Amino acid sequence: MLSQNFINHVRIPENNDWVIFILTGCIFLYVFMMNIIERDASLKDFLLQKYFDASNNLPSWIITSCVTALTVSVLLSQYIPIVPKYMSDLQLFGYQLNKFGYTLLAVVFFYASKCALGFLFYQSIGDGKKWSVFYFTSTKFYFILSFLLIILCVTHYYFPIDRNKIFLYYFCFFAFIAVFKIFFYLFHKNNILPEKWYYKFLYICTLQIAPLLLLWKLLFF
């Protein structure tokens, strides 16, 4: 009788240990990259190094891309309405994709497709040598961006903020980053985009704007 009127006031706190594990792994990857791959380079030397003075550019680019994909997925996964049924029905060893897993899969697909198309784009216009300069330069951009994302992830999960209201600020932040990146690529001293203006326009429309619209549709529609 009394048990029917009992109300449990104990609040079960949200368990965000998985966020700490992922962010710690990201920091470990960067420590490994700076100490082993970049041979104990300082942060200033890494960001200001020139292409012809750098080595091991490909491993650094891969690690930076992995950290960026992980941190973007951690931040955006809480805003995904649902995991689509065609994805949730897929099971691996009895496990289903949660929102973070689906977001990570979509982000990895987004980056992998964009990189593959970017490589083919440079090869098709006969400027394949510039591709390595391109991903060397973009590594610096995404390295700084990933640290901003780590700070946002910590703030999002471990500080008392209104997650619904702050989504608009996240949207504005990513929109600003997307526009800034285009200008960063256009006016960088390494001249990483094709020289002809119509190739630049084609690259920006097909490999910068269109993939973002596709990612938005995969995550939020």
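The questions and answers below go through ring pairs, a charge contact, pockets, cavities and a salt bridge.

The structure is a predicted model, in which local features need pLDDT of at least 70 and side-chain atom pairs count only at pLDDT 80 or more, while totals for chains, interfaces and linings use all residues. Residues are numbered from 1 along each chain as its sequence is written, and side-chain values use heavy atoms, with hydrogens and water left out.

Biologist: How many aromatic pairs does a search of the whole structure find?

Modeller: Rings of Phe, Tyr and Trp (its six-membered ring) pair if their centres lie within 6.5 Å, and planes under 30 degrees apart count as stacked, over 60 as edge-to-face and the rest as tilted. With that rule applied to the whole structure, the number of aromatic pairs is 39.

Biologist: Which kind of pair do the rings of F46 and F143 form?

Modeller: The centres of the two rings, those of F46 and F143, are 4.9 Å apart. Their planes stand at 65 degrees, so the pair is edge-to-face.

Biologist: How many residues apart in sequence are the parts that the pair of F46 and F143 ties together?

Modeller: Helices (H or I, at least four residues) are DSSP runs, numbered from the N terminus. F46 belongs to helix 2 (residues 43-48) and F143 to helix 6 (residues 129-158), so the distance in sequence between the parts tied together is 97 residues.

Biologist: Which kind of pair do F176 and F180 form?

Modeller: Both residues lie in helix 7 (residues 163-187), 4 residues apart, which is about one turn of the helix. F176, at 55% relative accessibility, counts as exposed, while F180, at 41%, is partly exposed. Their ring centres are 6.1 Å apart and their planes are at 20 degrees, so the pair is stacked.

Biologist: Which residue has its charged end over the ring of F46?

Modeller: A charge sits over a ring if NZ of Lys or CZ of Arg is within 6 Å of the ring centre and within 35 degrees of the ring normal. Here the charged end lies 3.7 Å from the centre of the F46 ring, and the residue that supplies this end is K140.

Biologist: Which helix gives the most to the lining of the largest pocket?

Modeller: On a 1 Å grid over the protein atoms alone, a cavity is a set of points where a 1.4 Å probe fits but cannot get out, a pocket is an open set with protein on both sides within 12 Å along at least five of seven lines, and lining residues have an atom within 4 Å of a point. The largest pocket holds about 670 Å³ of space, and of its 27 lining residues the closest to the centre are F174, A175, A178, L212 and L215. With 10 residues, the one that gives the most to this lining is helix 7.

Biologist: Which helix gives the most to the lining of the second largest pocket?

Modeller: This pocket has a volume of about 470 Å³, and among its 20 lining residues L47, T137, K140, F184 and H188 lie nearest its centre. Two or more lining residues come from each of helix 2, helix 6 and helix 7. The most, 8 residues, come from helix 6.

Biologist: About how much space lies in the largest cavity?

Modeller: The count comes to 2 cavities of 30 Å³ or more. The largest cavity is lined by 15 residues, and the closest to its centre are W61, K114, C115, F134 and Y142. The space in the largest cavity is about 180 Å³.

Biologist: Which helix gives the largest share of the lining of the second largest cavity?

Modeller: About 40 Å³ of space lies in this cavity, and its lining consists of E38, F46, Q49, N57, S60, F136, T139 and K140. The largest share, 3 residues, comes from helix 6.

Biologist: Which residue meets D127 in a salt bridge?

Modeller: A salt bridge is a side-chain nitrogen of Lys or Arg within 4 Å of a carboxyl oxygen of Asp or Glu, and the count comes to 1. D127 is partly exposed at 22% relative accessibility. Across an N to O distance of 3.6 Å, the side chain that meets D127 is that of K130.

Note on methods: Buried means under 20% relative accessible area, exposed over 50%, partly exposed in between (1.4 Å probe, protein chains only). Grid points are joined across faces, edges and corners, and a volume is the space filled by probe spheres set on the points.
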